[in-house]
Amino acid sequence: MKLNVAQNIRRCRRERGLSQEELGELLGVSPQSVSHWECGVAYPDLETVPVIAGFFGITTDELLGTSSSLAEERKEAYRLAIIDAYGDERISVIRDAWREFPCEWNFARELCSELEKTAGGGSEEILKIAYDVLDRCTDGWQHALFTEFIAKHEEDSEVYDFLDRVVTDRDIRSNKLLELRYKSRGELNFFDAISQFNTARDTETILFSDISPNDD
């Protein structure tokens, strides 16, 4: 099977407007390595291939130039392996699938869901995955799903600012996300108190927003 990785790396680099030196710096490799890849003198190693694919927002099969049918076969193989696996093994398989197919958002979502079931909650890895998806995915439905993961796992000091940035309908969507956050922690009583405080604050803002400084 012929690989077209050299042409694909060169094409993707030029589409991004990057020099070989700039791409090498971003990937943590030397410009000579990039040059060798693009000339077909050498291939990226197995650990670097998914990094390059993820950087360009394509699958490893697209980077390597293998057929789409082969890619679908590998995805299906991963799906079957995930069904048959349990616990840590299941998480490991999903990690491999997400690493090989960094634009297959369903693998990312499954990985986040499985990590939530672990003893430590996997919050750090969940947040890393979710922010990565938000950076690269343009699908609104996927954005909503991964925003929920962030709402549940982000630090208290960061979650409110995050919701202010990503939620357009604050009064409804933001409150719903916060409710999910506290429900997952078994702290709905705390959410009720916060919600009542926010309602009182918002009502006060609405009632007095039209009063000028000179009014009695």
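Biologist: How many salt bridges does the structure hold?
Modeller: The structure holds 13 salt bridges. The term means a side-chain nitrogen of Lys or Arg within 4 Å of a carboxyl oxygen of Asp or Glu. This is a predicted model, where local features need pLDDT of at least 70, side-chain atom pairs count only at pLDDT 80 or more, and totals for chains, interfaces and linings use all residues. Residues are numbered from 1 along each chain as its sequence is written, and side-chain values use heavy atoms, without hydrogens and water.

Biologist: Which residues are linked in a network of salt bridges?
Modeller: Glu72, Lys75, Glu76, Arg79 and Glu104 are. Within it, arginine 79 and glutamate 104 meet through their side chains at 3.6 Å, N to O. Arginine 79 lies in helix 6 (residues 68-84) and glutamate 104 in the loop between helix 7 (87-100) and helix 8, so the pair ties together parts 25 residues apart in sequence. Helices here are DSSP runs (H or I, at least four residues), numbered from the N terminus.

Biologist: Is glutamate 104 buried or exposed?
Modeller: Glutamate 104 is buried, at 16% relative accessible area. Arginine 79 is partly exposed, at 29%. Buried is under 20%, exposed is over 50% and partly exposed is in between (1.4 Å probe, protein chains only).

Biologist: What about arginine 11 and glutamate 15?
Modeller: Their side chains form a salt bridge at 3.4 Å, N to O. They sit four residues apart in helix 1 (residues 5-15), about one helical turn. Glutamate 15 is exposed, at 58%. Arginine 11 is partly exposed, at 38%.

Biologist: New topic. At what angle do helix 2 and helix 4 pack?
Modeller: Helix 2 (residues 20-27) and helix 4 (residues 48-56) pack at about 110°, with axes 11 Å apart. Axes are lines fitted to C-alpha atoms, for helices over the stretch in contact, and angles run from 0 to 180 degrees between N-to-C directions. The two helices are therefore roughly perpendicular, a label for 65 to 115 degrees.

Biologist: Which residues meet there?
Modeller: Leu23, Leu26 and Leu27 in helix 2 meet Val51, Ile52, Phe55 and Phe56 in helix 4. Contact means heavy atoms within 4.5 Å. By class, the residues are seven nonpolar, no polar and no charged. Nonpolar covers Ala, Val, Leu, Ile, Met, Phe, Trp, Tyr, Cys and Pro; charged covers Asp, Glu, Lys and Arg; the others, Gly among them, are polar.

Biologist: And how do helix 8 and helix 10 cross?
Modeller: Helix 8 (residues 105-116) and helix 10 (residues 140-153) cross at roughly 20°, and their axes come within 11 Å. They are therefore roughly parallel, the label for angles under 35 degrees.

Terms used. Angles under 35 degrees count as roughly parallel, over 145 as roughly antiparallel, 65 to 115 as roughly perpendicular and the rest as oblique.
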